[in-house]
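Me: Got a model open here and want to go over how its parts pack. Can you walk me through it?

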Amino acid sequence: MPFTRGEFTIPELPEVETVRRELEPWLVGRTILQAERVEAPPSPKYASLERAAGQRIGAVNRRGKFLLLPLSLGDELVVHLGMTGVVSPDPPEAHLRVKLTLDHGPDPTLYFCDVRRFGRFLVVPAGDYRSLPTLHGMGPEPLCDTFTAAGFAQALKRSGTPIKSYLLSQKPVAGVGNIYADEALWRAGVSPLTPANRVSVCKVGPLCDAVREVLAASIEAQGTTLNDYRTVSGGVGSYLKGLNVYGHADEPCPRCGRAICKVRLSSRSTYFCPRCQPART
């Protein structure tokens, strides 16, 4: 399947959740002795990072595509992997951006490499996300009970933008990016071009379910590796073989056999079946 760098937004929720699960037993309870920017110029993306030094990591949480690490002196380390960010205990050969030196225990150093520099490693007062508008205005977590068909329906009524674009905004539901939006919309039979507030009532529940199903299946497979994404231990996600439409332009739809279409929507490559997902405008 031919993918080119820049055609996708990875990591999404499944990849970040996979990283979170690997980081949790490694980091929780350990103290950051030193927090350094390496090959990373001063930037809001690394704001107050040095303040993490001397603080103990209380948990490794996730909100949408963000990792949130509460620290012992009332701060929070916010991590966003961007498109190419990789966290590892092994030093990278190039593109090292952040280095955290830890106290006792195995693997005393956390390295963050990021080829395209879209990632974030910053410290904020716990819960203060004013400098992170996407995180501040994020919708409910899709795998939690707070994400319901009724609440989703109300959220969709608030926007006349195409449903695919609205999903990517993170406002109706957290963590859904380019790949899994296409996959969920295909499962539910909803065109990505349909205005959010015109998604039919009978499709809202199936789309809500499809978002959950796609994300849960990808988490089980440790996410999707197209180019850069790696787990903390250096592994790759295996959900690539589970993708039904994303990356399959001109190939037959697995459900009806019609050729999959590819269009640009909100500057993103978007894949869908014109027969299974008829547009409603």
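**Helix packing and domains**

Reply: H5 and H6 cross in a right-handed way, meaning that the near helix is turned clockwise from the far one by less than a right angle. This is a predicted model, where local features need pLDDT of at least 70, side-chain atom pairs count only at pLDDT 80 or more, and totals for chains, interfaces and linings use all residues. Residues are numbered from 1 along each chain as its sequence is written, and side-chain values use heavy atoms, with hydrogens and water left out.

Me: At what angle do the axes of H5 and H6 cross?

Reply: Roughly 130 degrees, and the axes of H5 (residues 178-188) and H6 come within 8 Å. Axes are lines fitted to C-alpha atoms, for helices over the stretch in contact, with angles from 0 to 180 degrees between N-to-C directions. Helices are DSSP runs (H or I, at least four residues), numbered from the N terminus.

Me: And which residues of H5 meet H6?

Reply: Among them are Tyr-180, Leu-185 and Arg-187 in H5, and Pro-206, Val-211 and Leu-215 are among those in H6. Contact means heavy atoms within 4.5 Å.

Me: What about H1 and H6, how far apart are their axes?

Reply: 8 Å, with H1 (residues 13-27) and H6 (residues 201-220) packing at about 40 degrees.

Me: Switching topic, where are the domains?

Reply: Domain 1 is 3-134 and domain 2 is 149-272, with bounds from an automatic or database domain assignment. Their C-alpha centres lie 26 Å apart.

Me: How many residues of each are in contact?

Reply: 28 of domain 1 with 29 of domain 2.

How values were computed:
Helix = DSSP H or I, 4+ residues; strand = E, 2+ residues; numbered from the N terminus.
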